[in-house]
Amino acid sequence: MELFILIFAALFSVMNPFGTVPVFVGLTQDKNRLERNKIAFWTSLNVLIILLISFFAGKHILLFFGITLNSLKIAGGLIIVSSGFALLMGDFNKHKGIKKEKVKIDIETRSDISLTPLAMPMIAGPGTMSLLITHNQEVEGLNSMLIISGAIVLSTICIYLILKSSFYIVKILGASGINALSRIIGFIVIAIGVEFIISAVVSVFNIA
């Protein structure tokens, strides 16, 4: 249960679906409720596929490129810390490469926004992928794998529910409320990234 809560909390914080709510609203404001729910469903499904591939195939990618776990943890930690600071400073969308001009173009030209920009890079970015690859390398046993897989599934269900309710969330919290919530999550994300870096550095010194 402790592993489940740890992975779910880390995933939810790093992905920060609340930060995607304003973008989702902007991209789907001309859609009806059924169409928005469909986009929310496919976005969460795309995120689930990306996360599962990262978790189960990530270590093979590391072996192919000759990347060590400690190198990944430091690189991933830096990305996660960077995302945390972006949340803290209110520049999350800019950090993810999403600008108002690009959103307007997407509204006019993109037929399917569930994969990009919503699923990737807005929700399942490099920080999330490195987080899962690292945990895949550190856990052992089928039971642990199933627990982490369950946490991944639950996190994507939460993403679907949040995106599905995005117009209500914006109406209730407003832009300032979402911004404040993202800043709070930013502290947690920074702490996760720092923990990644510290554990990797300690491991390197112990080996040396």
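Rings of Phe, Tyr and Trp (its six-membered ring) pair if their centres lie within 6.5 Å; planes under 30 degrees apart count as stacked, over 60 as edge-to-face, and the rest as tilted. The model is predicted: local features need pLDDT of at least 70, side-chain atom pairs count only at pLDDT 80 or more, and totals for chains, interfaces and linings use all residues. Residues are numbered from 1 along each chain as its sequence is written, and side-chain values use heavy atoms, with hydrogens and water left out.

**Exercise 1. Aromatic pairs**

Find how many aromatic pairs the structure holds, then classify Phe41 and Trp42.

Solution. 
- The count is 6 aromatic pairs.
- The ring centres of Phe41 and Trp42 are 5.5 Å apart and the planes meet at 75°, so this pair is edge-to-face.
- Now check exposure: buried means under 20% relative accessible area, exposed over 50%, partly exposed in between (1.4 Å probe, protein chains only).
- Phe41 has 40% and is partly exposed.
- Trp42, with 39%, is partly exposed too.

**Exercise 2. Phe18**

Solution. 
- Contact means heavy atoms within 4.5 Å.
- Phe18 and Leu163 are 145 residues apart along the chain, yet their C-alpha atoms are separated by 8.2 Å.

**Exercise 3. Thr20**

Is Thr20 buried or exposed, and which residues does Thr20 touch?

Solution. 
- Thr20 sits in helix 2, residues 17-28.
- Its relative accessibility is 0%, so Thr20 counts as buried.
- Not counting residues up to four places away in sequence, Thr20 touches Leu118, Met122, Ile123 and Leu163.

**Exercise 4. A charge over a ring**

Which ring has Arg36 over its face?

Solution. 
- The test: NZ of Lys or CZ of Arg is within 6 Å of the ring centre and within 35 degrees of the ring normal.
- Arg36 lies over the face of Phe167, 4.1 Å from the ring centre.

Technical notes:
Helices (H or I, at least four residues) and strands (E, at least two) are DSSP runs, numbered from the N terminus.
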